[in-house]
Amino acid sequence: MASDNRFLRRAQIEFAYFSGAFLLKQREAGGAGAILRFERVRPPASARFQPLRSGEITPKFLDRAIGALKRWNYDIVGIDEACRRAVTLPERRRFVCLTFDSGAKDFITHAYPVLARHGVSATLYLSTAFPDGVGEAWWLALEDVIGRESRISLMIDGAERHFVVSELSDKYELFDYLFAWMRKLPPPDLSLAINDLCRRYAVDLAGLSRSASLDWADLAKLAGDPRLTFGCATVNYPALSNLRDADARREMKMGKAVAESAFRRDVSHFAFPFGDRGSFRRQHVVMAEEAGFASAVSTLPGIVGAQGRTNLHALPRIAWDGRVRSLRVMRVLLSGVMFAPVQPTRSARN
């Protein structure tokens, strides 16, 4: 069914493009602009098993996308300017804000050179445990184990479970199952589960996490570019819905404090970890405002309205699927015709 839904949506997008409907409705549906969300930027991998492929784009695609945004007459702005335009009267040209999650090492080697060459602004959201070298990139470890093994055993909800994953389809099915299960665990239980799996299959979780993440030396090099804004995505990147309110509030405030101490500047923008409907709740939107953030971005799809119609502490983003390489799709999505109209809100408390 999910595959059928993706096919139907792609067909709707193609129809909107070739019929010109997206151009006709863009003025009405397009709002002030849009925030694009990317994760990793790196050259294409050759491995057959790539369950995280949807979160990756190539440097070539990023280059093509930025070039297209310029041709389409979008203003490519930072998150501060995006927030300003969200509360003022509509401007003649719409904006696109480029944001990058995960704090992957690939950013400095593959994404930043493209951004610098084009001279455009971007926002990088960080979870501070990772540049500190103590974060656990459990999703990468899960990918590594399932990709290498044909038989996998681990404890799930107190019971020993065994899986045979000799076929590629079996591997994808198991990854989806375990990823969904682990994402719902409280952080201590998640850490126990992934460390148990890594011990069984000789994965150096700490080393894998450090090698995949930007460190503070990398970030110091990037900090000199005024076109790059640093945002916070908590300390450990937990799904906030799995935490007690006091722990969620602490994750937000500590992440902000550590980042501000490291960069010696205000860190005013927040990204909800994972950012989908299952990862945060209404009280977390309020917490982001109370923690002193000027904005908070989600991965809920949509367009940013003007004149205060979009809550700055629950901003929608178009999370780009790296398996899609069509700029036609990007242009239609940025027009806003595929999303429900923005409902006006004034603050996190309303």
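1. A definition to begin with: helices here are DSSP runs of H or I with at least four residues, numbered from the N terminus. On that basis, K60 belongs to helix α3, which covers residues 59-71. Please keep in mind throughout that this is a predicted model.

2. Which residues make up the patch of positive charge on the surface? They are K60, R64, R71 and R325. K60 itself is exposed, as its relative accessible area is 64% and the cut-off for exposed is over 50%.

3. Now to strand β5, residues 95-100. All six of its six residues are buried, so the strand is largely enclosed by the rest of the structure. In a regular strand, side chains alternate between the two faces of the sheet. In β5, F95, C97 and T99 point one way, while V96, L98 and F100 point the other way. The residues in both sets are buried.

4. Strands β7 (residues 151-156) and β8 (residues 159-164) run antiparallel and are joined by six bridges. Two residues lie between the strands, and D157 in the turn has a positive phi of about 55°.

5. How many salt bridges does a search of the whole structure find? The total is 24. Among the linked residues, D75, E81, R84, R85, E91 and R93 form a network of salt bridges, which I would view as a group.

6. Some individual salt bridges are also worth checking. R250 pairs with D247, with the closest N and O atoms 2.6 Å apart. Why are these two about one helical turn apart? Because they are three residues apart in helix α11 (residues 245-263). R250 is partly exposed at 44% relative accessible area, whereas D247 counts as buried at 18%, since the cut-off for buried is under 20%.

7. R323 forms a salt bridge with D321, and their closest N and O atoms are 2.7 Å apart. Here R323 is partly exposed, with a relative accessible area of 48%, and D321 counts as partly exposed at 24%. R148 and E149 form another salt bridge, with 3.2 Å between the closest N and O atoms. R148 is partly exposed at 44% relative accessibility, and E149 is partly exposed at 21%.

8. Finally, a point on F175. Is this residue buried or exposed? F175 is buried, with a relative accessible area of 3%, and lies in helix α7, residues 168-183. For a sense of distance, F175 and D266 are 91 residues apart in sequence, and their C-alpha atoms are 38 Å apart in space.

Definitions and conventions: Residues numbered from 1 in each chain as written. Predicted model: local features only at pLDDT ≥ 70, side-chain atom pairs only at ≥ 80, totals over all residues. Heavy atoms only, no water. Patch = residues over 30% accessible without salt bridge, like charges linked within 9 Å, V, L, I, M, F, W, Y side chains within 5 Å. Areas by Shrake-Rupley, 256 points an atom, 1.4 Å probe, with all protein chains shown as cover. Salt bridge = Lys/Arg side-chain N within 4 Å of Asp/Glu carboxyl O. Lys, Arg positive; Asp, Glu negative; His and termini not counted. Charge placed at Lys NZ, Arg CZ, Asp CG, Glu CD. Buried < 20%, exposed > 50% of the residue type's maximum accessible area, 1.4 Å probe, protein only. Pairing = 2+ DSSP bridges.
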